[in-house]
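Trainee: I have a new structure to read. Please show me how to start.

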Amino acid sequence: GLLLLHLAVGAWGGADHTGWLLRQTHHHDKRVRRAGADNDTVPPVVTADSDELADRSTGAAVNSTTATNVDAVDAIERWDVLLPSVLTDQRVFKRNSRDPYLGFVCYQQPIPYAAHEPVSVVRFEPVVLHPTRVHHITVFGCSAHVEIQVPTLHFGNKCAAWAFADGADAPCSLIIYAYDKGGLPFNAPQGMAIKVGQGTGITHVLYQVHYLMPAEGEVPVPAWEDTSGVRLDLARGAAAAARPTSLGILGVMHVAMEVPAGVRGYEFEYRAGPFGRRLAPDFN
């Protein structure tokens, strides 16, 4: 299991942290649309396999931008960043690999408005067409260099190993959201948001979709078209200014955890921290 600690701080890396928020995650087209508008036709997150929905969701990418009020600069807008109808073939599932049931796709896109102004992410929602096949989705915040250093869409080991986030010169510097099986949307508390855009060095997102198929399944894994991804609500102008406290994320995972097969309600406990010395001076 993956635990995400949402850290509320005065600014990225600031010592004035106002609290800890703990949440557990069981980690198409690209559109920007009005959040909560009367004509908003955003479909709900799919919670069961649906071939019909998959067939209807594999169109070409479309861009649109709308706002919650007359002044678009003071808006909260909804942005869907979804896989562009990826066929999960041998690029995704390496049939001669040690584990042919593991698959990986990575996809990156620029965050609307982030190149020229501050933007606050106030909500994350997973968009998963086949929850039994998607093990988790991890979303990274990246600089504009990601467009030069990393393909828009890529697969295999470089995607699986987070090569885009490894090293001092890597374009992606931090995780801003992660979904695992059963995870629900995350709404930032009032006055708080994940800060991206001008002044943060984050102008793009890159996310990894990790597939895990049943070990007794067919090899090679039968391919299907997938448009999974993430829906983000972006605040600008006065809407962003109303959320002055930055949220950060610290991912914690016990790599040796083993859940017995066929057991329901299995309990596992471990401790993370104390963090003072390892994360100093930010969290003294």
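Mentor: Start with strands: they are DSSP runs of E, at least two residues long, numbered from the N terminus. Two strands pair if DSSP finds at least two bridges between them. This is a predicted model, so local features need pLDDT of at least 70, side-chain atom pairs count only at pLDDT 80 or more, and totals for chains, interfaces and linings use all residues. Residues are numbered from 1 along each chain as its sequence is written, and side-chain values use heavy atoms, with hydrogens and water left out.

Trainee: In β13, which residue is the bridge partner of H136?

Mentor: H210 is that partner. Strands β8 and β13 (residues 204–212) pair in the antiparallel sense, over 8 bridges. In β10, H136 has D180 as its bridge partner. β8 and β10 (residues 172–180) also run antiparallel, joined by 7 bridges.

Trainee: Why is β8 largely enclosed?

Mentor: Buried means under 20% relative accessible area, exposed over 50%, partly exposed in between (1.4 Å probe, protein chains only). In β8 (residues 134–142), 8 of the 9 residues are buried, so the rest of the structure largely encloses the strand.

Trainee: How many aromatic pairs are there?

Mentor: Rings of Phe, Tyr and Trp (its six-membered ring) pair if their centres lie within 6.5 Å; planes under 30 degrees apart count as stacked, over 60 as edge-to-face and the rest as tilted. The count is 8 aromatic pairs. F93 and W224 have ring centres 6.1 Å apart and planes at 50°, so this pair is tilted. F93 is buried, at 4% relative accessible area. W224 is buried too, at 9%.

Notes. Helices (H or I, at least four residues) and strands (E, at least two) are DSSP runs, numbered from the N terminus.
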